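Dear colleague,

Please find below the structure I said I would pass on to you. My notes on its helices follow it.

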Amino acid sequence: MAIPEYPLISVIVPVYNVERYLDQCLDSLVRQSYANLEILVVDDGSTDSSGEKCDTWAERDFRIRVIHQANKGLAGARNAGLDAARGDYIGFVDSDDYTLPDMFSTLMRNMREFGADLSIISYERENPDGSVYSNALSGQKIVMTSEDAFKYVNIHGYFYVVAWDKLARKELFDGLRYPLDAKYAEDSPVTYQLLDRAERIVYDSTPLYRYRMTEGSQSHGITDKLAQSTSNMLELVRKKYPQDEPYAAYGHLESIVGTYNRIVLAGKRKEWAEFERFARIRLRELMPLTKAAGLMSKVQSLQWRLLVISPVIYIYISLLQTQSF
């Protein structure tokens, strides 16, 4: 059966107490140059005016469907959208962010042009002062296999494990849902599964999504969920894509060190002593592999070696001194 020229895209928007940003988010979606959208807005038990705003927007545009539910968290809201989606393709947008007009037309055009199952674009971070930042390498358009994808997702300058920069064939989500036990890094295990399931993936570095930095963006608390997820990813790569093991190991170590840095900055080192031991063991085990592959700078190598040898010296030199600038 022929694929329609403009297949239906289900865009899932989890909503929880974002009355300040919701209008801009939904306005950016109804103004997309790709018109055949089903916009599934999941009001996840909001206690502000967000739920009413969702209903008002549904009255304005027939493409918007609202799901009201008791609070289940971001993962639960995304899962509710997945269960209700009618589209052939699935995308996500966070309700305190917004999209540029050609985001979904670009994702779909690349999907169709290269016969991909998963299409990815880049984003810019919008800071509270209105400035924008991106560390993605510009001018990139890469068609890849799953093996290639596990290389690029673990090095800087390309794409990440977030949900909202991707468009996926709906079939990739068969039997796949976001884990309800994670309040942070719930994207990563699903993203790794999508990368593994897709036969062909296309990445376009055009920044068409605006990720808004807010206080909520930094309020997840401390969790080792991302380190756990990247550990599982490393095991998957070892089994199915062994050539990518150095890249997967590097991504895993970065998630560990990033978590450890948050622990230290929060003054929780004593409570997370077991994680510190785990971090030092993993660094000692995996650093030779990543260093041999040329994935670490000299500065990063020195910092991570300090963490292995002496966490106290690492904290003083690598972390605390940076706060004085």
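Predicted model: local features only at pLDDT ≥ 70, side-chain atom pairs only at ≥ 80, totals over all residues.

On the α9 side, R280, L283, R284, M287 and K291 take part, and they meet S301, W304, R305, L307, V308 and I309 of α10. Sorted by class, the contact of α9 with α10 has 6 nonpolar, 4 charged and 1 polar residues.

As to the geometry of this pair, α9 spans residues 273-292 and α10 spans residues 298-309; their axes come within 9 Å and cross at roughly 150°. Angles over 145 degrees count as roughly antiparallel, and α9 is therefore roughly antiparallel to α10. The crossing of α9 and α10 is left-handed.

A second pair is formed by helix α1 (residues 22-30) and helix α2 (residues 50-60), which pack at an angle of about 25° with their axes 11 Å apart. Because of that angle, α1 is roughly parallel to α2. The crossing of α1 and α2 is right-handed. From α1, the contact draws on L22, D23, L26, D27 and V30, and from α2 on S50, K53, C54 and W57. By class, 5 nonpolar, 3 charged and 1 polar residues make up the contact of α1 with α2.

Helix α7 deserves a separate paragraph. This helix covers residues 225-240, 16 residues in total, and reaches 23 Å from its first C-alpha to its last, which is close to the 22 Å expected at 1.5 Å a residue. Its buried residues are L226, A227, S229, T230, S231, M233, L234, L236 and V237. The elements that cover these buried residues of α7 include α5 (146-152), α6 (187-197), α8 (245-265) and α9.

Lastly, I would draw your attention to one residue, L82, which lies in helix α3 (residues 73-84). Is L82 buried or exposed? With a relative accessible area of 5%, L82 is buried, since the cut-off for that class is under 20%. Leaving aside its neighbours within four places in sequence, L82 is in contact with I12, I90, F92, F173, L176, R177 and Y178. By C-alpha positions, L82 and D55 lie 20 Å apart in space, with a separation of 27 residues in sequence.

With kind regards

Methods: Residues numbered from 1 in each chain as written. Heavy atoms only, no water. Axes fitted to C-alpha atoms, helices over the stretch in contact; angles between N-to-C directions. Helix = DSSP H or I, 4+ residues; strand = E, 2+ residues; numbered from the N terminus. Parallel < 35°, antiparallel > 145°, perpendicular 65-115°, else oblique. Left-handed = near helix turned anticlockwise from the far one by under 90°. Contact = heavy atoms within 4.5 Å. Nonpolar A, V, L, I, M, F, W, Y, C, P; charged D, E, K, R; others polar. Expected span 1.5 Å × (residues − 1). Buried < 20%, exposed > 50% of the residue type's maximum accessible area, 1.4 Å probe, protein only.
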